[in-house]
Structure formats: C-alpha cells, structure tokens
Amino acid sequence: MSEIDMKMSAIYTAAHDVLPEKAQDFWFYAEEVTGAIEPLTREVALAGNHPIGADLADLSVELFVHLRAMERTFKDSATGLDDIADDFVAVDGEAKAWFEKHQEYAGEPDLPSDATAPEA
Amino acid sequence: MGDDYGGTGGGKHTPVIDRLDPLFTTIAKLLGELAGNEAALEVVRQEEERDVGDGWSQDVTTLTYPGTYGFETTAVYWYPDAEHNKSGDSPEERRRTFEKAVDKAWHDAYDEWTSGSTEPVYRTTTQSVWEPDPVAMADATADLSGLVQWLNSQVGAAGWAATDDDQAPDWLVDLEKGWPATSQSPQSFYAFWDDVNDKCALYLNAAARLTATSAQVTATVSDFQANTVDVSKKTKSRVVDALKKWQQWKYDSGSWPTGELEDNDAPAILGYVSYGAGVVGLYPPAAAIAGPISVAAGTLSYLIPEQTKNMAALHAATAFGIHQGYVNDLDDVESGMRAVIDTIQTEPPEDGSTTGSQDFTSFTADVVGNRKDWSPPEVSL
C-alpha cells in the first residue's frame, strides 16, 4: 500500500465508518435516556408529585446533554475530516486518483440526526 | 400479587385500579348491609324498650333482614289492648307497621352507603398510589439499565486510548500518520478520543445511580399498590365476618355482632417495617453495574412482610368503624409510600459504589454543578 493509499484510507475510514458508528452509539443511548425519563417522571408525578421526580429529571438531562455532546463531537469530527480529505482530493492528483477508485466515500458521511432532547 | 400486575416480561397488564374499583364497590355495599343491620336493630331496640304504660301487650314477630348476608330473627312489638286502643289499629296492623319501620331503617342506611359517595373516598385517598403505572416505570428502568451496561462495556475496553498506547486502534495510529497538514489541530481530536474512556466512567456512575434509583422507586410504587389491594381484600373479609356474626346472632349463640363499643384507635399499619432500607438494598447502584436490572412490577411482597399486621379496619366491627379504619389504613399506605420514596431520595445507598456515600439529591446537584468538567473536550479540526 502506497503512502497516499494509507493516508486517504485512514482519513476516509475514520470519517465515513468509525466516527459515524460511534456517533450512532451515543445517539442511540441519548435517545434511550429521553425515552426513559419521560414516562418515569410522568409516573412519579402521579405518585404524589414526589420531589425525587425532579432529581431523576435533572440527572437524566445531564446524562443526555453529555451523551449528545459526545454524539455531536463525533459527528463534527467525521464531517471535518471528510471536508479536509475532500479538499485534499481537490488539490492533489494522487489523492484524486485514489478517490476515483473509492467512490464509496463520495458524499457526506452518513450521520445520525441530533438526539431528541427530553422535555422533562 | 404477581401476574395481574404485568411487567416487562410481557403478559397481560391490568392497571391496579381495575382490581381496586370492584373491591371499593363491594366494601361499600357490604358496609351498607352492615349499617342496615345496625339501623334495623336500633328500631327493634326502641320498640322493645318503649315505655307503653298499662293496657299494652307484647307479641313476637319474625323479621327478615335483607342483603347478601340476610337472615331471619325474632323481635317483640307492642300493641294496645282492646279497651285502650284509641288508634283503632289491630295487633296485626301494629305488627306490620313495626316491620315496615324496621325495613325502612335498613334500606335507608343501606342506600346511604351505596349511593355512590363511599367509593370516591377510597379512590381519592389512594390516588397517588394506584395512579402511577409501575409497568411503564419498569420498562423505563430496563432501558436505563441497557445504557449502564453499554457504558460499562466502553470503560477500559473499547480502544479509547492515545495513539502511543498499546490499546490504540490501528486506524487511529494510521490516521495520525496520514493526518492532512491543512488541519488546524489534530491534537484536539486525539485528546478527545483519549478522554472518552474517562468520560464514560463518569457517565457510568451517573447512569448506575439513575437506574438504581429508578428501580427503587418503581419497586416501591409496585409494592404499595399490591399493599393497597391486600388491605382492601382484608377489609372486605372483615365486613363479611361481621355480617356472618349477625347471621349467627339470630340463633341466640351469645356472640354479639356489632362490637359497637370497641374503640378504634387506628394504629399505623406500616409503622414497623423499614421499607427504605429494603428497597435500597435490593437495587443499589453497584447492582446496576454488575448486571441488567429488571424490576418485575408487583412481585416484591417480601418487602412488606407484615403489611397488614395492625390494620385499623380489623379492629372494628361496625360499618362506620370499619370504614374509618379502612380509610386510615389507606391513608397510611399513601403516606408510607411517600416515606419510602423520601428515604430513597435522602439516604445514601452506602453499597461501596463510587456514589454510595451521597444521597440522591446531593449526587444530582454535584453532577449538574460539574457540567463543564463532564463535557467532552472540544475538537478543532
């Protein structure tokens, strides 16, 4: 494998495969937190509106915020790397030749949308 | 308890109020019968003890007390002798008048208890117990448990390492070698990647505490719903027992059915068991990390081993006494549930986990207060 092969492969693998997969993982579990906390706080509210419901909601929101921040960072990193690599392809002949053989990396990385924030 | 409450394992899910409503209605109806007997007896006593003066005679008639637990008994009534009979009523008419008075007293009392004003008292008293759905809470807890297990799998074993670490994945090492020179700060990305492990460890603590607390609250709600059903069933049995004693009384067995002079001091039925410690011990944060937490709603009867030991309703035998005792019991169930959740909120689990020495409110406040430290570092490519 030539140096340009290794370089291009490393960047596009990260941008299109590894980082989107990590973003997807964190997106999924951020969504799980949102999906869990809403019924949980709703039912605790019915149980005499106990103040523990507010603690449960606060802690869930914090977890969600951090998981979503992770997701966003992975997504931004994937998009940033993809843009940098695309720029490189635009100015470097060897990179362009490599890219033409690897059209699976054409276009933007397939990334999840922002995780849905809880209303709690 | 058990299957009727459903749970995350599938099966029919019957809201607990669907079990309670028929019990409330039955209890009100049976109390109506009991009150009817008491009211009828009052008329019988008044007739028996009536000061009639000279010229009156007594006779005995057979009375039929109505209701599911109705019975026949005898009672005396007065009628004037012929020479003193100013009203002109015959003894037969006197007898019918007396029987009608007894019957009317019975039905008036019965109607008072069964006209729809009794059940709402029971419903309202226990609303905060029966209204939440522990099955929905258990499902939410299971989802949070999945998050805990995933975070646990990330800590120390997912290649979140610096590029010079043996644990660093090949693609990351290759990326460092081939990183474009046009990038602003590849180091920021490596720092972020290397930090994910530490962040996941923090999130794991929070998720475990959240999941454990969720499980504790779910189990508590589920248990107190089961407790409410149990208390109601026992109260119903108590009214039935009282009505059966009325039936025995007709045979002059000597057992007095009403117990009407018995004090009802309504001791707290849940005052002797430390539920908080039980439920916290059952679902500590460390358990959430050790394996998936499953809260099988409505199956935790052992948390309340003596839940009906001192039921107030079981100390009474009159309609009002049982009713008042039952309402007191339901009040105790409601306040008992709140007290357990108070404990879950304010007592540290002390299970040896990272968060074990903090109460839930303090832990949450710390997490909220440290938001910046818990956020992943920024990446500038």
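## Helix 6 of chain B

On one side of helix 6 of chain B, Asp170(B) and Lys177(B) are exposed (over 50% relative accessible area; buried is under 20%, partly exposed in between, with a 1.4 Å probe and protein chains only). This is a predicted model: local features need pLDDT of at least 70, side-chain atom pairs count only at 80 or more, and totals for chains, interfaces and linings use all residues. Helices here are DSSP runs (H or I, at least four residues), numbered from the N terminus.

The buried residues of this helix, which spans residues 170-178, are Trp171(B), Leu172(B), Leu175(B) and Gly178(B). They sit on the same side because their arc around the axis is only 135°, taken from the directions from the helix axis to the C-beta atoms. Their cover includes helix 1 and helix 2 of chain A, plus helix 7 of chain B (contact: heavy atoms within 4.5 Å).

## Aromatic pairs

Rings of Phe, Tyr and Trp (its six-membered ring) pair if their centres lie within 6.5 Å; planes under 30 degrees apart are stacked, over 60 edge-to-face, the rest tilted. That gives 25 aromatic pairs over all chains. Phe26(A) and Phe74(A) are stacked, at 5.6 Å centre to centre and 25° between the planes. This pair links helix 1 (residues 3-46) and helix 2 (residues 52-91) of chain A, 48 residues apart.

Phe189(B) and Trp193(B) make a tilted pair, with 6.3 Å between centres and 35° between planes. Both lie in helix 7 (residues 186-249) of chain B, four residues apart, or about one turn.

## Numbering

Residues count from 1 along each chain as its sequence is written, chains are lettered from A in the order written, and side-chain values use heavy atoms, leaving out hydrogens and water.

How values were computed. Helices (H or I, at least four residues) and strands (E, at least two) are DSSP runs, numbered from the N terminus.
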